[in-house]
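Please read the following points with the structure open beside them. They are meant for someone new to it.

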Amino acid sequence: MTELRYAVRVVGFFDHASGRENGRQRWRRTLRRLSRRFKRNRFVYAKQPCASHLNGAIYNRADNRFNLYGNDIEVDYRGYEVTVENFIRVMTGRIHPATPRSKRLLSDHQSNVLVYLTGHGGVGFMKFQDSVELTSQDLADSIEVMFQGNRYHEMLVIADSCKSASMYKPIYSPHVLATSSSLEDEDAYSHHVDYSIGVYIIDRYTFYTVQYLENEVRDLETNRSMTQYFDSCKYSDCLSHTGVRTDLYEKDPSRVKITDFFGGSRKIRAVNEEIEFDDEWLNSDPTPTTGFTSEALRQFERVEAGVDDSLKTACVLGVCSW
């Protein structure tokens with residue numbers, strides 16, 4: 001059984017006037033509740049929060065003043081750090097060796113990875129910062145790099161935007177399950193407006209899927225399936241058809257538990273034998289975990305500064321490893 005589960009959540013657009021993506025913080029909190037035992041989530045948030053003018057809080061319902069942007073919210077990439085290049089680097093692991101662990105996706109061949117993309121989208125793209133686009137082919141190639149590098153065991157891709165089914169259409173890597181809030185020829189719609197701030201604060205797909213998770217998936221022992229999750233946003237509620245792609249995924253989604261992607265657990269093995277650490281071990285330098293020597297790090301920095309382009313190798317999608 002796969003024990004490690006990771007999530008990469010991207011709010012890709014920058015817009016002070018809209019509150020719908022703020023409501024998607026509710027989706028984040030629900031995921032955190034199910035995976036609260038460990039920190040393996042990477043939250044990429046491009047926009048400045050559209051907060052209430054009363055107290056700087058963010059709400060997902062006009063009738064429920066529950067602040068979604070409290071002190072416990074951790075954002076790994078924010079503002080203008082959220083770029084297509086950085087997203088691809090996080091996915092593929094091709095990042096600077098000095099990058100802290102909080103900005104890395106430390107997945108491996110035993111990891112179930114959930115990728116959640118939301119923002120303004122169209123056929124075959126999703127916008128980053130209102131000026132740059134992540135294309136569906138970029139996403140597909142990034143997932144293939146992850147597969148070739150043994151960076152996931154199974155993957156769930158959720159695209160939440162207008163025409164979002166087009167984002168997973170070019171994916172060709174195995175063991176990938178995908179879903180979307182709308183089909184390729186449909187728009188995704190808002191749920192309700194908060195008149196105190198004058199904007200829509202949550203979209204329909206987020207509202208109904210998170211409502212299902214909060215009501216039906218109360219703990220990691222739940223037996224609810226991925227098929228039931230896909231059916232949680234009906235057309236009569238969402239006003240768009242939920243897209244699902246299963247041809248790359250060899251399992252029957254009706255027999256796959258929701259918590260295979262939306263929850264996590266950690267195995268703890270008790271060690272009964274006595275372990276002694278001598279002075280030599282305690283005084284020794286820790287072994288580098290990045291695999292880069294100091295000379296390689298200096299070369300990397302020279303390339304980043306544009307001093308020596310000849311050192312660049314293995315470039316994929318414009319993102320190079322060293």
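1. Contact here means heavy atoms within 4.5 Å. By that rule, and leaving aside its neighbours within four places in sequence, Phe 147 is in contact with Tyr 152, Ser 173, Pro 174 and His 175. Phe 147 is found in helix H4 (residues 136–148); helices (H or I, at least four residues) and strands (E, at least two) are DSSP runs, numbered from the N terminus.

2. On the basis of the note: this is a predicted model, in which local features need pLDDT of at least 70 and side-chain atom pairs count only at pLDDT 80 or more, while totals for chains, interfaces and linings use all residues. Residues are numbered from 1 along each chain as its sequence is written, and side-chain values use heavy atoms, with hydrogens and water left out.

3. Phe 147 is partly exposed, with a relative accessible area of 27%. Buried means under 20% relative accessible area, exposed over 50%, and partly exposed in between (1.4 Å probe, protein chains only). Asp 108 is 39 residues from Phe 147 in sequence, and the two are 9.6 Å apart in space, C-alpha to C-alpha.

4. Strand E4 (residues 111–118) has eight of its eight residues buried, so it is largely enclosed by the rest of the structure. Ser 111, Val 113, Val 115 and Leu 117 point one way from E4, and Asn 112, Leu 114, Tyr 116 and Thr 118 point the other way.

5. E4 runs parallel to strand E8 (residues 154–160), and seven bridges join them. Two strands pair if DSSP finds at least two bridges between them. Ala 159 in E8 is the bridge partner of Leu 117.

6. The largest nonpolar core has 32 residues, of which Phe 87, Leu 117, Ile 143, Met 155 and Val 157 touch the most other members. Helix H3 (84–92), E4, H4 and E8 are among the elements that each supply at least two residues of this core. H3 gives the most, with five residues. A nonpolar core is a set of buried Ala, Val, Leu, Ile, Met, Phe, Trp, Tyr and Cys residues joined through side-chain atoms within 4.5 Å.

7. Leaving aside its neighbours within four places in sequence, Phe 87 is in contact with Val 8, Val 10, Val 115, Leu 117, Phe 128, Leu 134 and Leu 139. A second, separate core of 23 residues includes Tyr 116, Ile 202, Tyr 212 and Val 217.

8. E5, E6 and E7 form an open sheet in the order E5-E6-E7, with antiparallel pairing. Strand E5 (121–122) and strand E7 (132–135) are the edge strands, each pairing on one side only. Four bridges join E6 to E7, and Leu 134 in E7 is the bridge partner of Met 126.
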